[in-house]
Amino acid sequence: MDQDLLQLLQKYNTSSRQKSLSEHLVEPNRCKDFSKTAGSLLLDITRTSLDGAALSYLWKLATHSGVEEARDRLFQGEDMNFTEHRPALHMAMRRDDVLQDLGADTAARVIENRERMYAFASAFAAGHLPSDNSQPVRHIIHIGIGGSVLGPRVLIEALGTSSDLQVHFLSSVDAHFRSALLEQLDPAETVVVVATKSFTTGETLLHARRVMQWMEQALGESGATQRLFAISGNSEAVEAFGVLQANTLYLPDWVGGRYSVWSAVSLAAAAVMGEGAFAQFLQGAADMDRHFQTAEISENLPVLMALTGIWHRNVCGYTAQAVIPYDHRLRSVPAYLQQLVMESNGKSVDSEDNPVNCGTSTVLFGEPGTDAQHSLFQMFHQGTDIVPLDFIGVIQADHDDAEAHAVLLSNMLAQATALATGTAGLQDPDEVDEHAFMPGGRPSEIILMDKLTPSSLGQLLALYEHKVFVESVIWDINPFDQFGVELGKVLAKSIQPALEGDPDAIPASFGLNEILEYIQARS
């Protein structure tokens with residue numbers, strides 16, 4: 001990060017020119033000047049301590065950091081994942097103009113794969129196998145972990161309420177949920193979708209083996225194999241596992257797991273949503289791509305959102321961030337963004353292999369409002385640490401209870417106001433008991449979509465993707481690798497034999513001998 005500009009921003013933030021959030025809120029044209037729109041989304045940063053001068057410094061920081069040049073290189077397919085020497089072109093899964101730049105053979109393969117995904121999805125939605133319409137399908141067991149589950153789950157919860165097809169997700173290696181699930185299902189009405197780019201993910205393959213054993217006991221090997229589908233980039237491993245080539249969909253290596261919602265990983269979601277709705281989801285994201293590519297920095301939602309994040313993380317020193325969607329259908333969005341943000345930008349080495357000179361990813365968490373108001377918000381209002389919030393709201397409900405929706409939105413706006421103004425928003429602080437006093441000055445952003453549609457959800461998720469990318473450029477880190485995910489998996493393979501009775505399987509340096517003895521004595 002440009003340390004000179006950072007120091008200017010930090011100095012400005014502590015200067016006497018800074019106003020309270022309450023004072024900012026009553027400035028003329030505050031909402032007009034600090035709100036921007038793109039597509040069906042509004043981004044409102046009115047309730048932050050940013051002002052015109054701070055934004056000018058931040059725009060300069062983005063320019064000096066090469067944000068626009070990095071954006072162009074991203075869409076041109078350069079090796080932005082510089083540690084693994086490959087591009088990050090998940091955008092090509094939703095934009096054929098970007099896809100064509102990868103070459104005719106690659107484009108043809110991706111397009112053909114997409115059409116096959118739609119054919120599979122249509123067959124499942126119609127209640128039968130793609131290869132045999134006499135074989136019923138009423139349930140899909142989708143097996144994956146991380147982005148291979150989080151994206152499809154968001155889509156189904158947000159947009160899949162009208163389908164009779166039931167999708168069940170298996171992710172954590174914990175067998176309790178799997179055992180309970182299989183007791184409820186009929187193998188003769190179930191298909192299994194295994195989503196893993198490498199097809200070496202231990203948790204996913206363990207679930208897949210157990211589920212296929214369950215299927216084979218009931219249907220025989222041939223019958224079970226008909227109902228097994230895979231999404232992967234490792235065709236040899238898929239074939240070795242026993243998946244038919246006709247039941248395999250392709251996942252390119254330039255699509256990271258946390259960006260795979262746009263790919264065949266969302267087969268089950270496409271079945272529940274329908275081909276048309278899934279295509280609209282892709283189109284919404286493509287619209288946000290074009291906005292990110294063409295809008296001026298001062299009007300660019302992903303850039304503005306990223307610069308607000310930089311302001312909070314590196315200038316104000318806030319280390320956490322909460323995302324609170326005020327729509328039950330978006331309840332898994334915080335978990336989705338948790339992976340996107342923390343796995344992408346949880347890095348401490350820059351592009352020159354040196355330690356970074358600033359803080360990077362925040363700790364992101366959240367849950368839906370208004371439930372969150374009765375768990376998290378006490379700390380947000382009166383805790384010793386300030387946590388900036390992203391409120392996500394939907395203006396038009398898809399139900400007919402107007403009063404309930406008004407209560408929901410009024411609570412969202414009330415929380416944003418109360419965080420900003422504190423107790424002073426209602427009464428003289430001198431008249432408030434110390435324990436009931438809320439200082440205010442707690443920043444938040446509001447993101448509003450006109451209506452929750454496939455297009456608006458695509459815009460929202462792509463907005464956050466590009467926001468994370470812009471932050472990574474300013475921090476000079478690689479947002480597309482995830483080496484920190486792997487170390488624990490490697491160690492687990494060494495520890496498992498010790499749990500299974502071989503105490504000499506792990507070195508003493510692990511410091512686990514006593515706790516392993518404790519576990520074994522009580523097993």
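How many helices and strands does the protein chain have? The protein chain has 20 helices and 13 strands, counted as DSSP runs from the N terminus (helices are H or I with at least four residues, strands are E with at least two). Keep in mind that this is a predicted model, where local features need pLDDT of at least 70 and side-chain atom pairs count only at pLDDT 80 or more, while totals for chains, interfaces and linings use all residues. Residues are numbered from 1 along each chain as its sequence is written, and side-chain values use heavy atoms, leaving out hydrogens and water.

**Overall build**

- With 523 residues, a compact globule would come out near 24 Å in radius of gyration, and the protein chain agrees at 25 Å; that radius is taken over C-alpha atoms, and the globule rule is 2.2 Å times the number of residues to the power 0.38.
- Along the principal axes, the C-alpha atoms fill a box of roughly 75 × 55 × 50 Å.
- Buried residues make up 52% of the 523, where buried means under 20% relative accessible area with a 1.4 Å probe, protein chains only.
- Of the contacts (heavy atoms within 4.5 Å) with a separation of 6 or more, 73% come from residues 24 or more positions apart.

**The five-stranded sheet**

- An open sheet of 5 strands runs in the order S6-S5-S7-S8-S9, with parallel pairing; two strands pair if DSSP finds at least two bridges between them.
- S6 (166-170) and S9 (248-250) sit at the edges with a single partner strand each, so one side of each has no neighbour in the sheet.
- From one strand to the next, the twist averages 20°.
- S7 (residues 190-195) and S8 (residues 228-232) run parallel and are joined by 4 bridges; Val192 has Leu228 in S8 as its bridge partner.

**Helices on the sheet**

- H7 (residues 104-126) packs on the sheet, touching S5 (139-143), S7, S8 and S9, and its direction makes about 140° with that of S9; axes are lines fitted to C-alpha atoms, for helices over the stretch in contact, and angles run from 0 to 180 degrees between N-to-C directions.
- H10 (residues 202-226) lies across S5, S6, S7 and S8, at about 145° to S7.

**A closer look at H7**

- The 23 residues of H7 reach 33 Å from first C-alpha to last, close to the expected 33 Å, which is 1.5 Å times one less than the number of residues.
- Its buried residues include Val110, Arg114, Met117, Tyr118 and Phe124.
- Gly127 follows H7 with a positive phi, near 95°.

Key: Buried < 20%, exposed > 50% of the residue type's maximum accessible area, 1.4 Å probe, protein only.
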